[in-house]
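This report concerns aromatic ring pairs and salt bridges. The sequence and the structure follow.

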Amino acid sequence: METVAECSDVVAALGARSCWEGALRVWNSMGCKPDLIAFKTAVRAVGNAGQWQLAMLFLESAISTRLDLDKELLFHATSALSEGRQWMRALPLLQEAQLGRTTPDVSCYTAAIRALSLGTQPSQTLWLLNDVINIQLQPTDSAFEAAIRSCGELGEWKRALAYLDYMFQGGLVTNAFCTCEAMQTCAMCGQWSEALRLFHEISEQKITRPVKSFSIALEVCEKSGLWEEAVHIFNDFVEKGGIVEEDFVEPLLRACLQAGQMARVKEYLHELDKLGFIPTYALSRFVATASSREIPVPQND
């Protein structure tokens with residue numbers, strides 16, 4: 001490659017195709033001194049491929065050449081650590097930047113929040129989100145999604161709902177994935193009605209509901225004994241072209257079995273057999289046992 005710009009373009013193209021090894025070979029063959037743009041490209045390319053160690057080596061190399069680091073490079077580095085779930089490295093990186101001449105922006109904080117969430121550090125996730133709000137930065141929907149997920153791990157369903165309200169009040173569009181995480185939090189805390197309310201709220205917003213939201217809703221119906229609601233949700237999913245999988249079928253059939261709807265269970269199994277669905281051994285045995293009793297099956301905990 002004759003120029004740094006040409007090298008950066010090739011590395012970026014390879015990185016976009018997750019060909020980080022090819023990007024690394026191009027970088028090593030470069031015959032000219034890389035500039036800040038080239039380092040940004042390299043950190044992004046290897047970071048997106050999950051190679052956080054290489055991303056840190058590029059960052060250290062940029063620092064050693066005395067380049068003036070900017071927010072974009074810091075973001076790519078923090079994102080690489082986030083993808084690698086290296087929260088213990090992401091936080092010191094932010095702190096070092098704060099002490100230097102580079103002030104992290106909301107995208108850098110969001111990457112660190114995701115790193116904490118993916119690294120199963122729920123308390124610190126919420127602490128960092130609160131820190132972002134306190135310094136009057138507007139958290140992104142990705143930051144809220146990670147925080148709401150952490151609320152579930154902490155059993156704080158009310159806080160998860162409060163975050164949804166905060167997003168709305170702050171002018172952010174509450175995306176379906178944030179609502180889905182709040183559904184999961186409510187379900188984990190036994191707040192069945194709240195979980196179903198959020199499910200129907202996604203539908204009222206006329207946006208595409210994540211597949212996970214249907215799965216959570218069916219599990220909630222099973223736990224709360226709402227077999228008719230489970231049937232409605234399952235049929236809605238199938239009518240919209242959803243692919244039938246085990247985590248959809250089992251809660252549906254169990255909800256029906258618990259209500260003594262054996263005829264409906266057999267009808268579903270017959271129809272699902274045409275679609276090539278093969279129930280698990282545990283579910284088949286469960287259905288067979290219930291069929292022999294012909295009585296409502298006690299709810300499983």
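## Basis of the assignments

A residue counts as buried when its relative accessible area is under 20%, as exposed when that area is over 50%, and as partly exposed in between. The model discussed here is predicted. Phe-237, with a relative accessible area of 5%, is therefore buried.

## Aromatic pairs

A pair of aromatic rings is described by the distance of the centres and the angle of the planes. Six aromatic pairs are found in a search of the whole structure. In one of them, Phe-199 and Phe-214 have ring centres 5.3 Å apart and planes at 80°, so the arrangement is edge-to-face. This pair links distant parts of the chain, with Phe-199 in helix 12 (residues 192-204) and Phe-214 in helix 13 (residues 211-224), 15 residues apart. Phe-199 is buried at 2% relative accessibility, and Phe-214 is buried at 4%.

The rings of Phe-237 and Phe-248 have planes at 15° and centres 4.4 Å apart, so this pair is stacked. Distant parts of the chain are again linked: Phe-237 belongs to helix 14 (residues 227-239) and Phe-248 to helix 15 (residues 246-258), eleven residues apart. Phe-248 has a relative accessibility of 2% and counts as buried. Ring pairs join Phe-199, Phe-214, Phe-237 and Phe-248 into a cluster.

## Salt bridges

Side chains of opposite charge can pair when their charged atoms come close. The count of salt bridges comes to twelve. Among them is the bridge between Glu-201 and Arg-197, whose closest N and O atoms are 3.2 Å apart. Both residues lie in helix 12, four residues apart, about one turn of the helix. Glu-201 is partly exposed at 27% relative accessible area, and Arg-197 is also partly exposed, at 38%.

## Asp-236 and its partners

Which residue forms a salt bridge with Asp-236 at 2.6 Å between the closest N and O atoms? That partner is Arg-209. Arg-209 lies in the loop between helix 12 and helix 13, whereas Asp-236 lies in helix 14, so the pair ties together parts that are 27 residues apart in sequence. Both Arg-209 and Asp-236 are buried.

Asp-236 also meets the side chain of Lys-240 in a salt bridge, at 2.5 Å from N to O. Lys-240 is exposed, with 57% relative accessibility, whereas Asp-236 is buried, with a relative accessible area of 14%. Elsewhere, salt bridges that share partners connect Glu-145, Arg-149, Glu-181 and Lys-212 into one network.

Key
Residues numbered from 1 in each chain as written. Predicted model: local features only at pLDDT ≥ 70, side-chain atom pairs only at ≥ 80, totals over all residues. Heavy atoms only, no water. Phe/Tyr/Trp six-rings, centres within 6.5 Å; stacked < 30°, edge-to-face > 60°. Helix = DSSP H or I, 4+ residues; strand = E, 2+ residues; numbered from the N terminus. Buried < 20%, exposed > 50% of the residue type's maximum accessible area, 1.4 Å probe, protein only. Salt bridge = Lys/Arg side-chain N within 4 Å of Asp/Glu carboxyl O.
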